[in-house]
Structures are given as C-alpha cells and as structure tokens.
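The stops below can be selected one after another.

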Amino acid sequence: MRSFILLTILFTTVSLFSAEVRSLPDETHPETYYMSGDELHTFLQNLADKHPEATLSTIGQSWEKRDIYSLEIGNPDAPAVFVVGLHHAREWISLEMTAHFAAFLLENRENNSDIDNLLNHVDFHFIPLLNPDGYLFSREENRHWRNNRHLFDDGHIGVDLNRNYDAAWVYNDEHLHGEAPFSEPETTALKELIEKKMQTGEVAGFFSYHSYSQLILFPPGSTETPYADVDMMLSTGETMAKIIKKECGRAYTVKQIFYLYPVFGGASEWFHDVTGAPAFTIELPPAAGDPQGFKLLADDIQSVLYEQTGAALYAVERMIAGEDVSYDDNNNGILNWYENTAWENLSCDSENEDSDDERSEGDSDTKTDGDIEIIDYYDEDIAFDSESTPALSGCSLLIFL
Ligand SMILES: [Zn+2]
C-alpha cells in the first residue's frame, strides 16, 4: 500500500509538471507518447523560433532522403559538445532524451544562472534522430528494427549505423558494418558536422544515447587497451551514475565498451580517435533483463529525462573544465541545474529503486561482433513478432544495444 501511495504521489507530481518540463509542441504529443519524426521536427522548429540563439539546420539526408536535423545552442565560438540520439531505430527513448535535453537548456536559461553560464562556454549540437528511416519503420512496421534502411542490390535492407564509423572498422559483412567506413549517409552527416567544427574550433565531448540496460559506457570497444584518459571517463561516468541513482533510484553500471562486447566501427570510438575528447555511450532504461526491453513505457520518459539531464550536465561541465570539477554527495551534483526550473521540486526517489544487488553487470563474455547468425535474428525478417515481449531473460542470444 505504501508503495502504491508513493507511486500515486509521484505520477501526480510528474503530470503536474510534465507539459512545462517536456515543452510539448501541442496536444498531439501527450505525456504517454513518443514523438514521431515529423513531431520532432516541429518540436525543434518551435524551439528555434522561440529562442533566437538556437539554430536549427539540416546536416544531411538519410538513405530514403529524409532530413537529419541538428539544433545548435550556446556559444558557437566555444568548445563543441555533440549529443546524438537514435542511431538504432528501436531505441525510441534516445530521441526523447536528446530532444528534451536541448529543450531543458533553452527553456531554463533565463532563470538558472548555471545553465546560462554553461551556454556561454559550450557550443552544443543536438542531433536527436540520426536514423529517421529506421525510426519510421520501427514505428510503423517492425518495432524491433535496428538498422537504417539501406536497400542493397541483393534485396537485403539495412546497415548498423553504430558499426559504420572509421574506428577499427572491419569488412566482414556489408549488411552489418556497411560496404566501407562511412558508406551510409547518416553517419557521413554526423562525421561532416563534427569535422567542420574541428576545422574552426575546439571539440570537447560526445554523448550517444541508446537503450537499454542502464549502462554508462566509454570507448574503445574494439580493444581492451584503454585510452590515456580512461581515468577521466571512468570517474566522470561513476559520478554520473551516483547522480542518477540519487535522483530516481535507477542503478547504472559504468564500463569500457569492450567489456560489454567488442564493437568495431562504433561512433564514440571514432569520435575519441579523431578528437581526443571524452565520449560516452549511454544505454538508457530499462535495466538489463527487464521484460520491457526496447519498449520502455512512455510513462517512464519523464523520469529518465529528469535523472539523466543533471548527470549529463555534470559531465559537460567536467569536459569543459577538466579535472577540477568535484561532486558533493550532499548536493544534487556539482551545481544545482534544476534550481528555478520546473524540475526544482520534482522528485522520483521511490519510483525506480534498483538495489545495487540487482544491478546487471551486462554480458562481459567476449562475443564476436560480426556474428551474422545473431544479427540476422534481429534483422528484417525478425524472428519474433513485434507485439511479443522480447525474450531477454534466459535468452542465449546476444542482444545488441
Ligand atoms: Zn543502440
């Protein structure tokens, strides 16, 4: 009964704040709903119209010629931080996270001096939907679709965009990694955006949101040999996990990508290789083994945004300031990012309490990234129907995230 009451209080609180916090563009985007690609475009356009300091641009087009958008916020002369969502079509929460991270900064800059100060020192680029074709296909045809919609001559469809970057890229199957590094227009669009910034200024960091499993990962994924700044990425990730745990109770595991499973051609490894800056691949809720899997209930979007945004802002501050940023356990992160915002009094302490005992360490066995049998299982002719719950528990197949 107690948990029911707490839950009721929570949802009441969330719904009171939700419209304001999530900056819903209109009535077509209720709380219990993931926005479509078209609605995302409207959402970003509305933000750009309302906030002159935000610039919405098209950075490229997908295989099926849909625009890929980037929203630039902050000081264009400052070091750049890139925030990317939805490499993988079925990971819908990553789009919401990226879009609302941007909205939170724009809508609270006036009332929160820490946010204003940060935006004076960072050039943010938000790309919430890198894979618009795959997302549409996941929404309308096959909920578990992962790749883009590249149509090959042999009739096969799709390349895994997060295996298509020029970082330890391997040619073992064009349907997995693509025919060459950056063979896909979606990865090329992101590459060109980042390289353009590198030619004119400094690049400070990278976030790539995925789901699921509640992991904060950092590169490299192709080798166990860590980068020289492994301590910075590990300690930043561990503090992010502490902030998240404190906000909504969800437990995250922090580890190098390689120790989840080897990844060749991954985005964060390419980013780190070419910029030398820290990069994080964040697997959002639910936890590993949760039967929701990729189908996180839309009711949970709010709490994910709430707990992740503060953690990400801590990481950005550290990317910009270096090692000097400390974290006070008695505070909600180093700075009070939520002061004077709609989230100031929001709390979800009891909502998602994960005990550390339940925390999944992920699958640390060494698997082969190019295992075609496994990939095909999640490919166009999906082996389970899209309405069924993914059989994650007890499933011997590796689930790629
Ligand atoms: Zn993913």
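Two residues are in contact if their C-beta atoms, placed from the backbone, lie within 7 Å. This is a predicted model, in which local features need pLDDT of at least 70, side-chain atom pairs count only at pLDDT 80 or more, and totals for chains, interfaces and linings use all residues. Residues are numbered from 1 along each chain as its sequence is written. Helices (H or I, at least four residues) and strands (E, at least two) are DSSP runs, numbered from the N terminus.

Start with the sheet. Eight strands form an open sheet in the order S1-S2-S4-S3-S5-S8-S6-S7, with mixed pairing; strands pair if DSSP finds at least two bridges between them.

Next select S3 (residues 80-85) and S5 (residues 203-213). They run parallel, joined by six bridges, and valine 81 stands opposite glycine 205 in S5.

Now pick valine 84, which lies in S3. Valine 84 counts as buried because it has 27 C-beta neighbours inside 10 Å (buried means 20 or more other C-beta atoms within 10 Å, C-beta atoms being placed from the backbone). Leaving out residues up to four places away in sequence, valine 84 touches Thr98, Ile127, Leu130, Leu190, Phe207, Ser208 and Tyr209.

Finally, show H3 (residues 93-108). H3 lies across S2 (67-74), S3, S4 (123-127), S5 and S8 (279-287), running at about 140 degrees to S3; axes are lines fitted to C-alpha atoms, for helices over the stretch in contact, and angles run from 0 to 180 degrees between N-to-C directions. On H2, Leu40, Phe43, Leu44 and Leu47 meet Leu95, Ala99, Ala102, Ala103 and Leu106 in H3.

Conventions:
Buried ≥ 20, exposed ≤ 12 C-beta atoms within 10 Å, placed from the backbone.
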